[in-house]
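Hi everyone, thanks for making time this morning. I'd like to walk you through a two-chain model, so let me put it up on the screen.

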Amino acid sequence: MATSKKVITRDEWEKKLNAVKLRKEDMNTLVMNFLVTEGFVEAADKFQRESGTKPEIDLATITDRMAVKKAVQNGNVEDAIEKVNDLNPEILDTNPELFFHLQQQRLIELIRQGKTEEALEFAQEELAPRGEENQAFLQELEKTVALLVFEDASNCPVKDLLDISHRLKTASEVNAAILTSQSHEKDPKLPSLLKMLIWAQNQLDEKAVYPHINDLSTGQLKTPSE
Amino acid sequence: MTESSSNGRRNENDETSAAVNRRDPILQFLDKIRPSGDAMEDDNEGEESPTELNAINSAGGFVIVSPDKLSVKYTNANLHGYDVGVAQANKPAPFKCLTYYFEILVKDAGAKGKVAIGFTKEGFIMRRQPGWEVNSCGYHGDDGNIYLGKGTGEAFGPTYTTGDTVGGGINYASQEFFFTKNGALVGKIPKDIKGHLFPTVAVHSQNEEVSVNFGKQKFVFDVKGYETSARNKQQMAIEKIFIPPNIGYGLVKSYLLHYGYEETLNAFNLATKTTVPPILIAQENAIDEDDLHQRKTLRKLVRNGDIDAALANLQDWYPQIVQDDKSVVCFLLHCQRFIEFVRVGKLAEGVKYGRLELAKFVGLTEFQDIIEDCFALLVYPKPVESPVGYFLEDSQRELVADAVNAAILSNKKDACHLHSHLEMLLRQLTVCCLERRSMNGDQGETFRLHHVLKQYKKMKLD
């Protein structure tokens, strides 16, 4: 069946691999991009010193960004909103959905803390007006307020909102918005390149038989079983 | 680069060092130093594009190519199928790119409106409509059909006539031709023709007149947008692919470990342990950490230009590496020592050092040109701005540090650790893309990490 496919032996393939010209600076840049985007400010700083690689944005902005992210992760949404506005007021002004999600998270935190009255007041004053403007927001709001119906939230059909993963989701949303506001991609390039490797191998599979890398974590070449 | 190195005097009788005979794995670092490496990087740039119609090759009696060589007119009355007025572009469509595209404007559809746009090979019979003959393709105005190497066409798109702008393009990634009319995509068809293709126009009834735009004027069709959506389509397919979560963390970690970036590694390890939620990194470290600190120290010394200390430490910690004083690592370190003398303006000391430590490499094929380039630093009052100024760049120190690191790693008993995991993956990715491209007749864009990293910056500028 595979007779029409070009067969490339391991020797030939390794020769090709060795002939690739890869610049060390480019690999360093890729690693720096990962550290910066994922918010490892200490590591990025050390890496700049140890490798001479310049980060693509001011490292101080990473600290600010991570402080916002951490505040959301810890449930201090009010604090996070303040920090975002200190960083750049346009982020929330131009991003009503993000702002709504942050306010929604704040409501969730109030409910979590059992501050029912405060939660209701906040929902009516801050969130309801937004719900009137936007049908999707209104539905989200109704869903969130439904948390109050159940004495024991673990029985509630929308209990996922109280899960830690919802905080993380909101945190990563605000993280992405800050990166975008800094003209930076919201995801690091490395995972995309790894996906591209799988894709490129799949594409080449249609035309050739050659040694693969199946395990991304080790980079081991596997000769296709004869 | 000095002249002597660019004409690379190498012949088989040259003495070759023991390092070469043993296939020293560090040998590759010599190639990285040579500046010629970068010229290849940009080999897909500088490809020539068509600029005008080929007036000489066009079918003389039936067609007039205007003085600006950008329009054709059919003046006679057509009589049969072998008196078509055809004109090819002066150059074939470039192919080391994602797409090629050009447009024509039908100024006058003449008596019968037998205008055609398409692509033909160099030896095309210039009296036939593009698409009628094998290895050609054409979108014809009178019937809107596509012709693919035979006299009968297939239904394809609308007809076109006076006042219409029609475009022809090649998508090299999907290996398809595509055509447009008045800024809208008409359709696409698989491209089965290999090799160079010339943008081609044809007129075939009295007073038919067509002008061609090879990109000097803004295209009516948004070809940039077309390219972007083609790229996005591919990117979306790629993004859908599943990879194990957090795999990037493990690769970054092993990269830092591989190159001995110890402080970064420590900071990274600390941070990944304290994030919410903590990041679980699969431990796949092929390299043990026991000599990480030594490698880090040596890297730091080289990066600071303290080559004497680096050599002394190597002698203490890894005598086997510096045992052969004609090894690549020794050569690179001695060169760097010389370069450091030049950097601080101590030329006389540099010369003295060079005579003492580098003279023994003169005459060895693989070192000769680098020594000459190094010594060329002495010629210039401002070496940094000279053609060999790259020796004084930060990346040169990094490279020597990498070579020392690689020498230590390859000296270990277990398997060859010449490349980090990350590098092996990037090499595999590059070769897969290159192979796939070579099976498409080397058409389309090449994958280059360098370009991928630049992409976002470019997007911002646009």
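Let me start with a question: which residues in α5(A) meet which residues in α7(A)? From α5(A) they are V77(A), E78(A), A80(A) and I81(A), and from α7(A) they are L102(A), Q105(A), R106(A) and E109(A).

Before going on, some housekeeping. This is a predicted model, where local features need pLDDT of at least 70 and side-chain atom pairs count only at pLDDT 80 or more, while totals for chains, interfaces and linings use all residues. Residues are numbered from 1 along each chain as its sequence is written, and chains are lettered from A and ligands numbered from 1 in the order in which they are written.

By contact I mean that the C-beta atoms of two residues, placed from the backbone, lie within 7 Å. Helices (H or I, at least four residues) and strands (E, at least two) are DSSP runs, numbered from the N terminus. When I sort residues by class, Ala, Val, Leu, Ile, Met, Phe, Trp, Tyr, Cys and Pro are nonpolar, Asp, Glu, Lys and Arg are charged, and the others, Gly among them, are polar.

Back to that helix pair. Helix α5 of chain A, residues 77-87, packs with α7(A) at an angle of about 155 degrees, their axes being 9 Å apart. Axes here are lines fitted to C-alpha atoms, for helices over the stretch in contact, and angles run from 0 to 180 degrees between N-to-C directions. So α5(A) and α7(A) are roughly antiparallel to each other; the cut-offs are under 35 degrees for roughly parallel, over 145 for roughly antiparallel, 65 to 115 for roughly perpendicular, and oblique for the rest. Their contact has four nonpolar, one polar and three charged residues.

Now stay with α7(A), residues 96-112, and look at α10(A), residues 164-181: the two axes come within 10 Å and cross at roughly 150 degrees. These two helices are therefore roughly antiparallel as well. The crossing of α7(A) past α10(A) is left-handed, meaning that the near helix is turned anticlockwise from the far one by less than a right angle, with clockwise being right-handed. On the α7(A) side you find L98(A), H101(A), L102(A), Q105(A) and I108(A), and they meet H166(A), R167(A), T170(A), E173(A), V174(A) and A177(A) of α10(A). That makes five nonpolar, four polar and two charged residues.

Then there is α9(A), residues 135-145, which packs with α7(A) at about 10 degrees, with the axes 10 Å apart. That pair is therefore roughly parallel. F100(A), Q104(A), L107(A) and I108(A) of α7(A) make the contact with F137(A), E140(A) and T144(A) of α9(A).

On annotation, an unreviewed UniProt entry lists "domain: CTLH" for residues 61-118 of chain A; such positions are in the numbering used here, feature names are shortened, and annotations may be inferred rather than shown by experiment. That stretch of chain A is 83% helix and 0% strand. In chain B, the UniProt annotation "domain: CTLH", also from an unreviewed entry, covers residues 291-349, and there the chain is 78% helix and 0% strand.

Over to the strands of chain B. Which order do the seven strands of the open sheet follow? The order is β1-β2-β13-β4-β9-β10-β11, with antiparallel pairing; two strands pair if DSSP finds at least two bridges between them. β1 (63-65) and β11 (184-190) of chain B are the edge strands, each pairing on one side only. The twist averages 20 degrees from one strand to the next. Helix α5 of chain B, residues 223-239, packs on this sheet, touching β4 (99-109) and β9 of chain B.

Six bridges join β4(B) to β13(B), and E103(B) stands opposite N213(B). β9(B) and β10(B) also pair over six bridges, with F177(B) as the bridge partner of I170(B). Between β2(B) and β13(B) there are three bridges.

A further open sheet in chain B has six strands in the order β3-β12-β5-β6-β7-β8, again antiparallel. Its edge strands are β3 (85-88) and β8 (154-155).

Finally, the two chains together: 48 residues of chain A are in contact with 50 residues of chain B. On the chain A side, α11(A) gives the largest share, 15 residues. By class, that side has 24 nonpolar, 11 polar and 13 charged residues.
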